[in-house]
Amino acid sequence: MKINLACPSTGLQKIIEIDDEKRLQSFYERRMAQEIDGSALGEEFEGFIFRISGGNDKQGFPMRQGVLTNTRVRLLCKKGHKAYRPRRAGERKRKSVRGCIVGQDIS
């Protein structure tokens, strides 16, 4: 799983890749916007607090806040919804999105 670490106050960004399932267990079954203690990822992140702000699954479908599942669902989207831009007035379209709960198939 790739994790994008960002510090908004300094603008620093760092991408780390973690393959160890034991270290990733603290992320599973957590929802977006929840905070996780950094010591669960290793000693080098001790004292940090991480917040889950989003993600994609392995096929590229984005996580969506408010969809309370860890699988992919199809939502009927209209004007004003995220990840959808209508082409005609009043158009709606069914789009696939991920739920907001982190699972093993998040990339």
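D57 lies in the loop between strand 4 (49-51) and strand 5 (72-77), where helices (H or I, at least four residues) and strands (E, at least two) are DSSP runs numbered from the N terminus. The model is predicted, so that local features need pLDDT of at least 70 and side-chain atom pairs count only at pLDDT 80 or more, whereas totals for chains, interfaces and linings use all residues. Residues are numbered from 1 along each chain as its sequence is written, and side-chain values use heavy atoms, with hydrogens and water left out.

With a relative accessible area of 2%, D57 is buried; buried denotes under 20% relative accessible area, exposed over 50%, and partly exposed the range in between (1.4 Å probe, protein chains only). The side chains of D57 and R72 are joined by a polar contact of 3.0 Å. Such a contact is a pair of N or O atoms within 3.5 Å; within protein, one must be able to donate a hydrogen and the other to accept it, and residues adjacent in sequence count only if both atoms are side-chain atoms. When neighbours within four places in sequence are set aside, D57 is in contact (heavy atoms within 4.5 Å) with R72, R98, D105, I106 and S107.

The chain comprises 1 helix and 6 strands, arranged along the sequence in the pattern β-β-α-β-β-β-β. Its C-alpha atoms fill a box of roughly 55 × 30 × 20 Å along the principal axes. Of the 107 residues, 30% count as buried. Among contacts in the chain with a separation of 6 or more, 43% are accounted for by residues 24 or more positions apart.

Most residues other than glycine have a negative phi. A33 is placed in the loop between helix 1 (21-24) and strand 3 (35-37) and is partly exposed, with a relative accessible area of 46%. A83 is found in the loop between strand 5 and strand 6 (93-98); this residue counts as exposed, at 54% relative accessibility.

The structure holds 0 disulfides, a disulfide being a pair of cysteine sulfur atoms within 2.5 Å. C100 is accordingly in no disulfide, and the nearest cysteine sulfur, that of C77, is 15 Å away. C100 is buried at 0% relative accessibility, whereas C7 is partly exposed, with a relative accessible area of 30%.
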